[in-house]
Amino acid sequence: MVSRLKQADREDSRAEDSRASSSFGTIRILLADDQEIVRKGLRQILADPFPHASYGEASDPGEIVRMVRQGEWDLVILGAALPGRGGLEVLKDIRKLRPALPVLVVSIYNGELFAIRALRAGASGYVPRQTTSEDIVSGVRKILAGGQFVTASLAERLAREIHSGTETIPHERLSDREFRVFLMLASGLTVKDVAGRLHLSPQTVSTHRARILDKMTMETNADLVRYACQHRLLDDCYGPAGV
């Protein structure tokens with residue numbers, strides 16, 4: 001009897017998803033992430049709730065921008081940790097090309113600092129790495145309906161961060177690229193390591209480092225490490241400095 005009730009509940013849930021997805025009609029979603037396994041995973045997550053969706057895929061910043069420029073999309077699902085130019089920089093390009101195009105950022109970064117930067121850059125929603133497939137489906141559904149989305153736990157953290165006056169904090173003076181470099185250096189990576197991971201020249205990374213130290217009124221990498229630890233910035237990263 002219990003198993004039959006559970007089966008009935010699952011069928012009712014699938015029916016509700018089908019009715020909800022049909023209200024959107026055929027939707028066109030661009031999956032923009034450098035990892036094929038992530039793109040395939042997103043397809044699988046969205047397959048049942050949005051059976052009539054069609055997909056495009058892009059794996060690097062140049063391809064993403066080109067496909068946004070040339071295609072007609074209802075939604076872009078954008079990875080935050082793209083090689084070279086980061087996801088937030090690509091997001092700003094998308095906003096310039098298609099100001100009204102909704103973008104859901106799916107990030108390996110778990111903290112509100114990255115979410116705030118993404119939302120400021122024009123994201124319609126932000127889903128951190130510690131989330132569920134249900135959150136992704138809810139985010140897509142809400143954004144396609146014209147809303148914005150963050151998970152409930154992240155919403156609470158965002159509210160605390162915003163009310164704490166983050167704009168006076170030194171790391172908030174950094175650009176998105178500088179902030180990314182800062183976290184990598186603070187995690188112990190060398191200039192050469194950072195250059196390799198971001199597909200930049202060591203000279204470019206050194207220039208970023210100099211600007212970071214200047215903006216944060218610091219002198220050495222040890223100062224950056226101490227600051228990052230004091231503010232628990234590395235706690236929100238996946239792997240070395242959110243790479």
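1. In this predicted model, helices α8 and α11 are roughly perpendicular to each other, because the angle between them is about 95° and angles from 65 to 115 degrees count as such. Helix α8 covers residues 176-186 and helix α11 residues 221-230, and their axes lie 8 Å apart.

2. The contact of these two helices brings Phe182, Leu185 and Ala186 of α8 against Asn221, Leu224, Val225, Tyr227 and Ala228 of α11. Seven of the residues in this contact are nonpolar, one is polar and none is charged.

3. Helix α8 also contains aspartate 176. With a relative accessible area of 13%, aspartate 176 is classed as buried, because the cut-off is under 20%. Leaving aside residues up to four places away in sequence, aspartate 176 touches Leu88, Lys92 and Arg117. With arginine 117, the side chain of aspartate 176 makes a side-chain polar contact at 2.8 Å.

4. The model also holds an open sheet of six strands with parallel pairing, in the order β2-β1-β3-β4-β5-β6. Strands β2 (54-58) and β6 (149-150) are at its edges; each has a single partner strand, so one side of each has no neighbour in the sheet. Strand β5 (residues 125-127) runs parallel to β6 and is joined to it by two bridges. In this region, tyrosine 126 stands opposite valine 150 of β6.

5. Helices pack against this sheet as well. Helix α2 (residues 36-47) touches β1 (28-32), β2 and β3 (75-79), and its direction makes about 165° with that of β2. Helix α5 (residues 112-120) lies across β4 (103-106), β5 and β6, and runs at about 155° to β5.

Technical notes. Residues are numbered from 1 along each chain as its sequence is written. This is a predicted model: local features need pLDDT of at least 70, side-chain atom pairs count only at pLDDT 80 or more; totals for chains, interfaces and linings use all residues. Side-chain values use heavy atoms; hydrogens and water are left out. Axes are lines fitted to C-alpha atoms, for helices over the stretch in contact, and angles run from 0 to 180 degrees between N-to-C directions. Helices (H or I, at least four residues) and strands (E, at least two) are DSSP runs, numbered from the N terminus. Angles under 35 degrees count as roughly parallel, over 145 as roughly antiparallel, 65 to 115 as roughly perpendicular and the rest as oblique. Contact means heavy atoms within 4.5 Å. Ala, Val, Leu, Ile, Met, Phe, Trp, Tyr, Cys and Pro count as nonpolar, Asp, Glu, Lys and Arg as charged, and the others, Gly among them, as polar. Buried means under 20% relative accessible area, exposed over 50%, partly exposed in between (1.4 Å probe, protein chains only). A polar contact is a pair of N or O atoms within 3.5 Å; within protein, one must be able to donate a hydrogen and the other to accept it, and residues adjacent in sequence count only if both atoms are side-chain atoms. Two strands pair if DSSP finds at least two bridges between them.
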